[in-house]
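This report takes a brisk look at one chain. It begins with the terms, then turns to two residues and the chain as a whole.

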Amino acid sequence: MSGKLFTCVGLAGLLGLTAVGATCTWTGAAGDGLWATPGNWQDNAVPTASDTVVIPANTADAMDAGDEV
C-alpha cells in the first residue's frame, strides 16, 4: 500500500500539482473585528496560509488594526 501512495505522491510532484487553498471572504458578521473569529468569515472558516483572502471595500475598516495577518 505504501508503494502505491508513494507513486501517487511522486506523480503529483512530477506534474507540478499543488494544494489549492480556499477563498475566504471577510464579512465582519461577528462584530468583534477580529481576524481569528470564524464568525467574521463567510462559511465560518478562518483563512490559513494557503487561502486567498477577500476583504470587500465596504467592510475593510471593520477589522481590528492590531490583528496579525
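A strand here is a DSSP run of E with at least two residues, numbered from the N terminus. The model is predicted.

**Thr25.** Strand E1 covers residues 23-25 and includes Thr25. Thr25 counts as buried, because its relative accessibility is 18% and the cut-off for buried is under 20%. Beyond its neighbours within four places in sequence, Thr25 contacts Asn40, Trp41, Gln42, Val54 and Pro56.

**Asp32.** Asp32 sits in the loop between E1 and strand E2. Strand E2 spans 52-54. With a relative accessible area of 35%, Asp32 is partly exposed. Leaving out residues up to four places away in sequence, Asp32 touches Thr37 and Asn40. The side chains of Asp32 and Asn40 make a polar contact at 2.6 Å. Asn40 is also among the contacts of Thr25.

| Residue | Relative accessible area | State |
|---|---|---|
| Thr25 | 18% | buried |
| Asp32 | 35% | partly exposed |

**The chain.** How many helices and strands does the chain have? There are one helix and two strands. From the N terminus, their order is α-β-β. The chain has 69 residues, and 17% of them are buried. Take the contacts between residues at least 6 apart in sequence: 41% of these join residues at least 24 apart.

How values were computed: Residues are numbered from 1 along each chain as its sequence is written. This is a predicted model: local features need pLDDT of at least 70, side-chain atom pairs count only at pLDDT 80 or more; totals for chains, interfaces and linings use all residues. Side-chain values use heavy atoms; hydrogens and water are left out. Helices (H or I, at least four residues) and strands (E, at least two) are DSSP runs, numbered from the N terminus. Buried means under 20% relative accessible area, exposed over 50%, partly exposed in between (1.4 Å probe, protein chains only). Contact means heavy atoms within 4.5 Å. A polar contact is a pair of N or O atoms within 3.5 Å; within protein, one must be able to donate a hydrogen and the other to accept it, and residues adjacent in sequence count only if both atoms are side-chain atoms.
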